[in-house]
Structures are given as structure tokens and as C-alpha cells.
Amino acid sequence: MGRCPRGCHGSQQAPLDQTLGIEAYQQTSDEIKRLGCLLAVLLPYDLAAWLLKQLSGIVVSDDSLWQWVQVKGVQARQALQRQLSELASGQLPSPEPLPAELAELPLVIAADGVKIPFRPNLGTPRVKLRWREVKVAILARLGDKLTRTGKQLPQLYQRRVVAVLDDIHAFEA
């Protein structure tokens, strides 16, 4: 924690927080937020909050989980718009660097689709719902893990979850 040498009021700074990517008043790690968002992609918010508590022991309300998903959705839309504008200008997106040991592993893909109700107008609960299909895919590299007893078990590496709404809006979590 640093302070102005003259003791100015409100001059405290935490340079390590900026380096570590910690936001002001942040109480939950990005890893927990990511896990909560991934669960919310596949489950209703209240069930995802319950499962997050079972998996991590951390109690999160379904409203907080909804807020996290909204933030990730905005970030995903911004990333998508940036990629689309780069593509429109003729610049091809650069592929994510993949370590050689992962590139040799087989790629496993699982996908499913589900109909989800959407309200066409925000803030109006008494409006006819529009049912839209959301497709969710999980991509992972499949390798082996050696246990202490010497038994080989399959293990997933480099997981990605991709959701597509009506083949128009795509985001990666």
C-alpha cells in the first residue's frame, strides 16, 4: 500500500492490486465468477448457485450470479464486435497459441441445444415470451493422467465452452 509522501487525503494506492487484476471492493475471485458463469450457461441461476456452493463451499445468490453473467455477456459482445470489425477490414483473427504437447492430444467436442424463453422488451413481465434456441458446445483436449497407484485415467485439458444464440450471437466462456 502506498501513500503520498505529503500525506494527502485519499492518496492510498495498491500497485499490486493493479498487477494482479483485482478491482476495487472485489470480494470474489475471477475463478469463482467464471465457474458460476459456466454453471449458469447449463443450469437455471438458482440451481447453478446451489451447485456452486456444493462444489466450492462459497455461497452466492442467484442474483449475483445473474450479474456476473451479464458482465461476461457484455465483455463477450465487445470481443465479438471487435473480431467482426477486424474481419470486415480484411484482418484475419490470429489463432490462440497452442502448446505442442496439447496440439498432439485428440480434440473432444460435445454439443447440445435447448430452447430458452426471452422477453422481447426488458422490464415488462407481462409480455409474450419468445422461445429461442441456444446451442452450447464444449471443446477440450483429451489426455491421460497417471495416478499415484500407476493407473492411467483420462483427463480433459484446455476446456472451452461456446454458446450460440440462433446462429447469430456467439460467445466463449
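Student: Which residues of α3 meet α4 in this model?

Tutor: The model is a predicted one, and in it the two helices in question are α3, residues 45-56, and α4, residues 62-88. On the side of α4, the contact is formed by D62, L65, W66, W68, V69 and Q70. The residues of this contact divide into 8 nonpolar, 1 polar and 2 charged. The residues that α3 brings to meet them are Y45, D46, A48, A49 and L52.

Student: Are α3 and α4 roughly parallel or roughly perpendicular to each other?

Tutor: Two packed helices are described by the angle between their axes and the distance between the axes. Here the axes of α3 and α4 lie 8 Å apart, and the helices pack at an angle of about 105°. Angles of 65 to 115 degrees count as roughly perpendicular, and α3 and α4 are therefore roughly perpendicular.

Student: How do α2 and α3 cross, and what is the handedness of that crossing?

Tutor: The axes of α2 and α3 come within 9 Å and cross at roughly 135°, which makes α2 oblique to α3. From α2, the residues I32, L35, G36, L39 and A40 take part, and from α3 the residues Y45, A48, L51, L52, L55 and S56. This contact of α2 with α3 comprises 9 nonpolar, 2 polar and no charged residues. The crossing of α2 and α3 is right-handed.

Student: Which element gives the most residues to the largest nonpolar core?

Tutor: The largest nonpolar core has 10 residues in all, namely I32, C37, L39, A40, A48, A49, L52, V60, L65 and W68. Two or more of these residues come from each of α2, which spans 30-42, α3 and α4. With 4 residues, the element that gives the most to this core is α2.

Student: Which residues does A40 contact, leaving aside its neighbours within four places in sequence?

Tutor: A40 belongs to the largest nonpolar core, and it is also among the residues through which α2 touches α3. Leaving aside neighbours within four places in sequence, its contacts are Y45, A48, L65 and V69.

Student: What pattern of helices and strands does the protein chain follow, read along the sequence?

Tutor: The protein chain has 5 helices and 4 strands, and 16% of its 173 residues count as buried. Among its contacts with a separation of 6 or more, 40% are between residues 24 or more positions apart. Read along the sequence, the pattern is α-α-α-α-α-β-β-β-β.

Note on methods: Residues numbered from 1 in each chain as written. Predicted model: local features only at pLDDT ≥ 70, side-chain atom pairs only at ≥ 80, totals over all residues. Heavy atoms only, no water. Axes fitted to C-alpha atoms, helices over the stretch in contact; angles between N-to-C directions. Parallel < 35°, antiparallel > 145°, perpendicular 65-115°, else oblique. Contact = heavy atoms within 4.5 Å. Nonpolar A, V, L, I, M, F, W, Y, C, P; charged D, E, K, R; others polar. Core = buried A, V, L, I, M, F, W, Y, C linked by side-chain atoms within 4.5 Å. Buried < 20%, exposed > 50% of the residue type's maximum accessible area, 1.4 Å probe, protein only. Left-handed = near helix turned anticlockwise from the far one by under 90°.
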